[in-house]
Amino acid sequence: MSDPSPPSNVFKAIIVAAGKGLRVGGDTPKQFRQWRGKLVLQHSIDALIDAGCSRIVLVAPAGMHEEALLAAGKNSRITAVDGGATRQQSVAAGLEALTANSSDYVLIHDAARPDIPDAVITRLLAALETHIGAIPVLPVVDSLAVCSEDNVMTGKADRESLKRVQTPQAFRFADILRAHRSWKGNPDAGDDAQVLSASGGSVVFVEGDERLKKITFAEDFGEPMTLPQFRVGQG
Ligand code: CTP
Ligand code: MG
């Protein structure tokens, strides 16, 4: 594990924007659509730059990194790289493309979460002064039921021990790079906190924010519902 370093507000970022947005549907992946006056992915780029981010690697759909860079607007702090077939492979491509020192702070963020409150970035960077990984989480407020494949309740789960996990997720660069390189599991497994945790690294929780909601369905763009509300088994 890398040594803790002095407090720093300097950080780098990876924005994963290589997904197809199948649940939203349509011809244009959700991160390249308009939302509140600009492209979805432009919101996170602007928030990260405003918060002092020194370098962003934008991970784009395969073969589209030049177009993605143009769509994001020219900025010398941003470079782009092609992503992979899964989110995790896209993050790995971003990490390999990021030029960083081992103790540098790196934030890994979903382009599909356009609204990043500055306070969350502040909490994450503060947590990295003493931890190698930090993620924003929210409590689960509903009660939780365990169900069978045919939608019959088989038990209940303890909501106090479960959290809703968001991005950006913050790490020491050397530790998250090493964890991704050594990952032997399913290439579609969860998020980067899980990858670090599985490699033995500890990840601390900071308070998340409802505004970090991920655009997932067409109605998140304010469109009428086109999908059934009850979507069992979709990832
Ligand atoms: N992502 C990525 N590369 C992939 C898959 C996902 O960079 N191969 C990114 C998406 O662009 C998104 C983030 O990971 O910013 C979170 O993924 P998700 O919300 O699942 O987006 P999609 O995979 O695009 O959507 P869907 O699952 O509905 O197809
Ligand atoms: Mg997906």
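Predicted model: local features only at pLDDT ≥ 70, side-chain atom pairs only at ≥ 80, totals over all residues.

Biologist: At what angle do the axes of H3 and H5 cross?

Modeller: Two packed helices are described by the angle between their axes and the distance between the axes. Here helices are DSSP runs (H or I, at least four residues) and strands likewise (E, at least two), numbered from the N terminus. Axes are lines fitted to C-alpha atoms, for helices over the stretch in contact, with angles from 0 to 180 degrees between N-to-C directions. The axes of H3 (residues 87-97) and H5 (residues 173-182) cross at roughly 130° and come within 10 Å. H3 is therefore oblique to H5 (under 35 degrees is roughly parallel, over 145 roughly antiparallel, 65 to 115 roughly perpendicular, and the rest oblique).

Biologist: Which residues of H3 and H5 meet?

Modeller: Contact requires C-beta atoms, placed from the backbone, to lie within 7 Å. Val91, Ala92 and Leu95 of H3 meet Ile176, Leu177 and His180 of H5.

Biologist: Which residues of H4 are buried?

Modeller: A residue is buried if 20 or more other C-beta atoms lie within 10 Å of its own, exposed if 12 or fewer, and partly exposed in between, with C-beta atoms placed from the backbone. In H4 (residues 118-127), the residues Val120, Ile121, Leu124 and Leu125 are buried. They fall within an arc of 130° seen down the axis of H4, so they line one face of the helix; the arc is that of the directions from the helix axis to the C-beta atoms. The face of H4 turned away from the buried side carries exposed Asp118 and Ala119. Among the strands against which the buried residues of H4 pack are S1 (11-16) and S6 (105-110).

Biologist: Within what arc do the buried residues of H1 fall?

Modeller: In H1 (residues 40-50), Val40, Leu41, Ser44, Ile45, Ala47 and Leu48 are buried. Their arc is 165° seen down the axis of H1, so they line one face of the helix. Just after H1, Gly52 takes a positive phi of about 105°.

Biologist: Is Leu162 buried or exposed?

Modeller: Leu162 is exposed, because 12 other C-beta atoms lie within 10 Å. Leu162 is found in the loop between S9 (153-157) and S10 (163-165). Not counting residues up to four places away in sequence, Leu162 touches Val140, Leu144 and Ala157.

Terms used. Residues numbered from 1 in each chain as written. Chains lettered and ligands numbered in written order. Contact = placed C-beta atoms within 7 Å.
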